[in-house]
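Hi there,

Could you read them with the model open beside you?

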Amino acid sequence: MNGTDRPAPVTIVGLGPMGRAMAGALLRAGHPVTVWNRTTARAAGLVAEGATLAPTPAAAVAAGDLTILSLTDYRAMYDILDPVVTDRRHADALAGKVLVNLSSDTPDASREAAAWAAGHGAAFVTGGMMVPAPVVGNPGAYVFYSGPKEVFHAHEAVLASIGEPRYLGPDPGLAQLFYQANLAVFLTALSSLLHATSLVTAASVPAAEFLPGAMGMLTGIPAMVGDGLDLARELEAGEYPGDLSTALMMGATAEHIVRTSEKAGVDLELPKAVRSHYERAIAAGHGTRNWTALYEVLRADGSAAGR
């Protein structure tokens, strides 16, 4: 909200499925929404709902103090906004503005973008939307944010319209770090699901006879591992009790999965990668410890795995 308690205007740059979903959620919350996209046809539905289509990126950022970017990557932000600020007519276009970039990239790219924005007089907040487009603006939607605390809090109420804001700290790279780390879990799970399905269908078993049970395996992981707090304490303390699921036992299973996959003729890259984690953990002396000892060979200082 602004000083008059009227919903603040918001600009959305980038109208892929996520950008359109965010613009729609903001419109439903009563915000005046300005949109811009290279392909203007994508704005038609939003304009019909009350959004304003800006003719240029310069006009888009001029429409309000807050601009949310939803693009393929950070390079796309520069492609769109660099021509604006290098045009003498709009050299101060970003001065006093707030850019919230919800595009995907690396933590370092976020830090570099924050410095770039500051060089043009703008504040920069990094965001990572953690749900698919259909969930945006609905219960269960949440977004990681990082950047200047006072800037985030000034716009937190507006950002809440697209999902629960979860602020991580002032480092612009933190939101991307959490986003990419969570997506590492997600993408690996998706690949494992398709790899496993390939195994059974190679034996002429219909996918429908396998996938419902496999989905249960995925959703059952929290019951086996817990809510993450105990696991986090074990990892931080370097404690990996070997009373259940030792690296040796799990490593043997990883080897069997590779051999089964090879025999079936399906892709071996994922199971070989998993097998290598156990092989290295065992080689580092963690064979009789819990599978969580893999952390010692996966973490950044894994070269000190023998502790």
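A word on terms before the notes: a residue is called buried under 20% relative accessible area, exposed over 50% and partly exposed in between, with a 1.4 Å probe and protein chains only as cover. By that scale arginine 111, at a relative accessible area of 33%, is partly exposed; more on this residue below.

Please keep in mind that this is a predicted model, so local features were taken only at pLDDT of at least 70 and side-chain atom pairs only at pLDDT 80 or more, while totals for chains, interfaces and linings use all residues. Numbering starts from 1 along each chain as its sequence is written, and side-chain values use heavy atoms, with hydrogens and water left out.

**Overall picture**

The protein has 307 residues, and 42% of them are buried. Its C-alpha trace spans about 65 × 45 × 35 Å along the principal axes. The accessible surface (Shrake-Rupley method, 1.4 Å probe; for residues, only the protein chains shown count as cover) is about 15,800 Å², and carbon and sulfur atoms account for 59% of that. Taking contacts (heavy atoms within 4.5 Å) between residues at least 6 apart in sequence, 60% link residues at least 24 apart.

Twelve helices and eight strands make up the secondary structure; these are DSSP runs numbered from the N terminus, with helices being H or I of at least four residues and strands E of at least two.

**The sheet**

The eight strands form an open sheet of mixed pairing, ordered E3-E2-E1-E4-E5-E6-E7-E8. Two strands count as paired if DSSP finds at least two bridges between them. E3 (52-53) and E8 (164-167) are the edge strands; each has a single partner, so one side of each has no neighbour in the sheet.

Strands E1 (residues 10-13) and E2 (residues 33-36) run parallel and are joined by four bridges, with valine 10 partnered by valine 33 in E2. Helix H5 (residues 107-119) packs on the sheet, where it touches E5 (98-101) and E6 (123-129), and its direction makes about 150° with that of E6. For that angle, axes are lines fitted to C-alpha atoms, for helices over the stretch in contact, and angles run from 0 to 180 degrees between N-to-C directions.

E4 (residues 66-69) runs parallel to E5, again with four bridges between the two, and leucine 69 is opposite asparagine 101 of E5. E5 is covered on both faces: Val98 and Val100 on one side, Leu99 and Asn101 on the other, are all buried.

Leaving out residues up to four places away in sequence, histidine 31 touches Pro7, Ala8, Val10, Leu26, Val158 and Ser161.

**Salt bridges**

Side chains of opposite charge can pair when their charged atoms come close. The search of the whole structure gave nine salt bridges, each being a side-chain nitrogen of Lys or Arg within 4 Å of a carboxyl oxygen of Asp or Glu.

- Arginine 111 pairs with aspartate 171, with the closest N and O atoms 2.9 Å apart. Arginine 111 is in H5 and aspartate 171 in the loop between E8 and helix H7 (174-202), so this pair ties together parts 60 residues apart in sequence. Aspartate 171 is partly exposed, at 27%.
- Aspartate 87 pairs with arginine 89 at 2.6 Å between the closest N and O atoms. Aspartate 87 is buried, at 19% relative accessibility, whereas arginine 89 is exposed, at 70%.
- Arginine 166 and glutamate 164 meet at 3.4 Å, N to O. Arginine 166 is partly exposed at 33%, and glutamate 164 is partly exposed at 44%.

Salt bridges with shared partners also join Asp108, Arg111 and Asp171 into one network.

**On the surface**

Met215, Met217, Leu218, Ile221, Met224 and Val225 form a nonpolar surface patch with about 530 Å² of accessible area together. Patches are built from residues with over 30% relative accessible area and no salt bridge, joining like charges within 9 Å and nonpolar side chains (Val, Leu, Ile, Met, Phe, Trp, Tyr) within 5 Å. Isoleucine 221 belongs to helix H8 (residues 211-225) and is partly exposed, at 38%.

Finally, proline 139 lies in the loop between E6 and E7 (142-146) and is exposed, at 80% relative accessibility. Proline 139 and isoleucine 162, 23 residues apart in sequence, are 9.7 Å apart from C-alpha to C-alpha.

Best wishes
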